[in-house]
Amino acid sequence: MTVFFPLDTARLRLQVDEKRKSKTTHMVLLEIIKEEGLLAPYRGLFPVISSLCCSNFVYFYTFNSLKAVWVKGQRSTTGKDLVVGFVAGVVNVLLTTPLWVVNTRLKLQGAKFRNEDIVPTNYKGILDAFHQIIRDEGLSALWNGTFPSLLLVFNPAIQFMFYEGLKRQLLKKRMKLSSLDVFVIGAVAKAIATTVTYPLQTIQSILRFGRHRLNPENRTLGSLRNVLYLLHQRVRRFGIMGLYKGLEAKLLQTVLTAALMFLVYEKLTAATFTVMGLKSARRP
C-alpha cells in the first residue's frame, strides 16, 4: 500500500473531482506534485494504513471465527469459504465504513479541485474528523457509501469465478500450472473483477467524500436510490466513460501490488527455508 499509494491518490482524485480531465496516471500525479508539493501524493497515508489494519483484522477474525463454528473440524469446501467470506465482508463493511469515510476526506483535504461544487474540509486529524462529521452532518454520515460497499463484497466472488475459469482452460493444455501461470491468471481475474465493479467504486468514493453541494439532502447512507441517481448523473454529464475515470491507476495499483506481494512472498519463503537449512546443518 505504501509503495503504490500515489496511484491510489490519482485514482481517488479522478473519481471525486468530476471536472479534472481524465489524463494518464503519471500526468495526474505530475499535476498534483506541481500544484500541491512533492509529498501531496502521500497525503493521508497514515489514516489509510490504520484503516487497512483494522479492516483486515475485522475481516480475518470474523472469517476464521465463522469458519471454526460452521466447519467444526470437517473439511472445508470452496462454497463454504465463499459464503463465510461474503458474511465476513458484510460485517467488515458495517464496522469499518466510518474509518474509510474519515480517511477518504483526510486524503482529499487540501487538494486543488477543478470542481467548484466541492466544499473544502479543515480537519486536524482522525479524531477531529470524526468529531466534525458527527457535529455538522450527523452520526449517519459516517456510514456514507455503505450500500455500494456492501455490493462490492461480491468483488472477490467475481474474481474467484474468473480465476477458476481461466485455470480450467490452462489445465486443458498442460498438466500443472507454474507460479508465473498462477500469478498471471490471478492478475487477469482481479483486473476483470475490478473493471466490472469500478462504477460502484466511483460512487462509493463520491459518497464517502460527501463534500459535493449537489443533492445534499439525498446522500445519507448511500441507498439504492442514491446509487442509481449518482450513476445516472455521472453518465448524463460525462458519458459512460465518466464512471471509469481513474480505472488505469486502479488497475496499475492492483497488478503492481499483486506482483510486489508475490515477489516478497517468494523472497521471504526462500530466505526462511535457507535459514532453516542452515540451522539443520549445524545440528550434531
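This is a predicted model: local features need pLDDT of at least 70, side-chain atom pairs count only at pLDDT 80 or more; totals for chains, interfaces and linings use all residues.

**Salt bridges and helix packing**

Glu164 counts as buried, because its relative accessibility is 19% and buried means under 20% relative accessible area, exposed over 50%, and partly exposed in between, with a 1.4 Å probe and protein chains only. Residues are numbered from 1 along each chain as its sequence is written, and side-chain values use heavy atoms, with hydrogens and water left out.

Glu164 forms a salt bridge with Lys167, their closest N and O atoms being 3.4 Å apart, where a salt bridge is a side-chain nitrogen of Lys or Arg within 4 Å of a carboxyl oxygen of Asp or Glu. Lys167, at 23%, is partly exposed.

Another salt bridge joins Arg20 and Glu31, at 2.9 Å between the closest N and O atoms. Arg20 lies in the loop between H1 and H2 and Glu31 in helix H2, so the pair ties together parts 11 residues apart in sequence; helices here are DSSP runs (H or I, at least four residues), numbered from the N terminus.

Finally, how do H4 and H5 pack? Their angle is about 105 degrees and their axes are 10 Å apart, the axes being lines fitted to C-alpha atoms over the stretch in contact, with angles running from 0 to 180 degrees between N-to-C directions. H4 is therefore roughly perpendicular to H5, a term covering 65 to 115 degrees.

Terms used
Helices (H or I, at least four residues) and strands (E, at least two) are DSSP runs, numbered from the N terminus. Angles under 35 degrees count as roughly parallel, over 145 as roughly antiparallel, 65 to 115 as roughly perpendicular and the rest as oblique.
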